[in-house]
Amino acid sequence: MSDANSPEIKTLIFEGIFTKNPVFVLALSLCPAVAVTNTAITSLGMGVAVLYVITMSNVFTSLFRNYIPHKIRVPAYITFIAFNVTFVQLVMSAFLPRLYESLGVYLALVVVFAIILARSEVFASKNKVLPSFFDGIGMGTGFMLALLLIGVIREFIGYGTFFGMTIIPEQYFTPVLMVVLPPGGFIMIGLLIGLFNLIGDWRKSRRADDSTQQVCQIDQKEAA
Amino acid sequence: MSAHAQKEPGILKLTITMMLVTGIAGVILGIVAYFTVPIQIKNDKIHKQEILQKTLPEARQFIKLDIPVDPHAHGKPNPWFKGVDESGKLVGYVVQTDHRGYGGAVELTVGITNDMKIKGYEVLHHNETPGLGDQIKKENFKAQFVGKNSEQLVITKRGEPGKINAITGATITTRAVVGGIKASLEKLNQTLSTQ
């Protein structure tokens, strides 16, 4: 299999965080994005775990891409992913038991997060190790930041706290409970996707404005 | 197509590749687990000890009680203890219980004084609704239990004094806590009186 032209590292990371953000643009792995993001700390924990798993799985897939027969590539990739997830589970249960407990079953479910297998299949199986590594970093960071953003907003509205620190004292604050429940999570993600689209549209229209202006200038020149 | 078919590996190669991938992954994970699992068990023990200490602060030592405990949802039953101070004097008991709540078992560790009154409790594990049911972890809810015996454990929804105020929107969770503590108190009382 021939390798695709290696994309630039900067583009890979930018794409992962903004233009191809796993949660807000690709809308992949929304289940964990709703389930574990009612506090900032669990969001961050899950985000870091996914960042690690996606990066390492990409590296493994890319390293062995020429040795894995096409027919069994999906089970092989899943094994790489499961290997990395189990590794994270073992380390986290030993050193961060409280976080491990609050992530619960969702940490084990990282194995079947669509975004991770998608990056292995779409990117790492066709690219060299270094770009695959940075694709993982970009996508993982995009996922982590998205979760963190959702988590910080939900925790603030739902509990009035930021990473467990009280921002608004309880007597002045009626928590909006719905936000920390799953429906609130979906609504929050919907609103953020909308915001992302707005920003995208704005950038596009600004670029379009620039080009029409240029065209106008050229027209004027020609007219003159 | 024909060129591709030529390169198509046989079932033997597929099997061996998959066996290698899973086998190597398994061995490496085994090595990692060899180092992390003992740490996890150690931390778990420390955490449990901390919870025991928190529910019965006067005790210096916890001695396992010889009471058959029902195995609970997570498999292993949590043992019950009696706490003694430096001189070996009995200062109270620590019982562990789980009771069905709204989202599964609510596991509690309860401190009990010599005269069968509640000293306090800690939530070991729960799956209750965040914001509603998880208020059982809040100090002002916990405070209602302190000093009560099993007959005084009555739930009220109208804020009557001397009773346990149900959490608005989480009556089932409140019932789980009250029910769990009540059942374990009665069981402890019964076992101690027959002994």
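Chain A and chain B meet through 25 residues of chain A and 26 residues of chain B. This is a predicted model, and in it the two chains bury about 2100 Å² between them.

**What the interface is made of**
- Carbon and sulfur atoms account for 76% of the area buried between chain A and chain B.
- On the side of chain A that touches chain B, the elements giving two or more residues are α4 (73-95) and α5 (97-103).
- Of the elements of chain A, α4(A) gives the most to that side, with twelve residues.
- Sorted by class, the side of chain A that touches chain B holds 17 nonpolar residues, alongside four polar and four charged ones.

**Polar links across the interface**
- There are zero salt bridges between chain A and chain B.
- Two residue pairs are in polar contact across the interface, both at pLDDT 80 or more.

**Helix α2 of chain B**
- This helix spans residues 11-55 and bends by about 35° at Ala33(B).
- Its buried residues include Leu14(B), Thr17(B), Met18(B), Val21(B), Ala25(B), Leu29(B) and Val32(B).
- Also buried in α2(B) are Thr36(B), Ile51(B), Leu52(B) and Thr55(B).

Technical notes: Residues are numbered from 1 along each chain as its sequence is written. Chains are lettered from A and ligands numbered from 1 in the order in which they are written. This is a predicted model: local features need pLDDT of at least 70, side-chain atom pairs count only at pLDDT 80 or more; totals for chains, interfaces and linings use all residues. Side-chain values use heavy atoms; hydrogens and water are left out. Contact means heavy atoms within 4.5 Å. Buried area is the accessible area (1.4 Å probe) that two parts lose on being put together, summed over both. A salt bridge is a side-chain nitrogen of Lys or Arg within 4 Å of a carboxyl oxygen of Asp or Glu. A polar contact is a pair of N or O atoms within 3.5 Å; within protein, one must be able to donate a hydrogen and the other to accept it, and residues adjacent in sequence count only if both atoms are side-chain atoms. Helices (H or I, at least four residues) and strands (E, at least two) are DSSP runs, numbered from the N terminus. Ala, Val, Leu, Ile, Met, Phe, Trp, Tyr, Cys and Pro count as nonpolar, Asp, Glu, Lys and Arg as charged, and the others, Gly among them, as polar. The bend at a residue is the angle between axes fitted to the seven residues ending there and the seven starting there. Buried means under 20% relative accessible area, exposed over 50%, partly exposed in between (1.4 Å probe, protein chains only).
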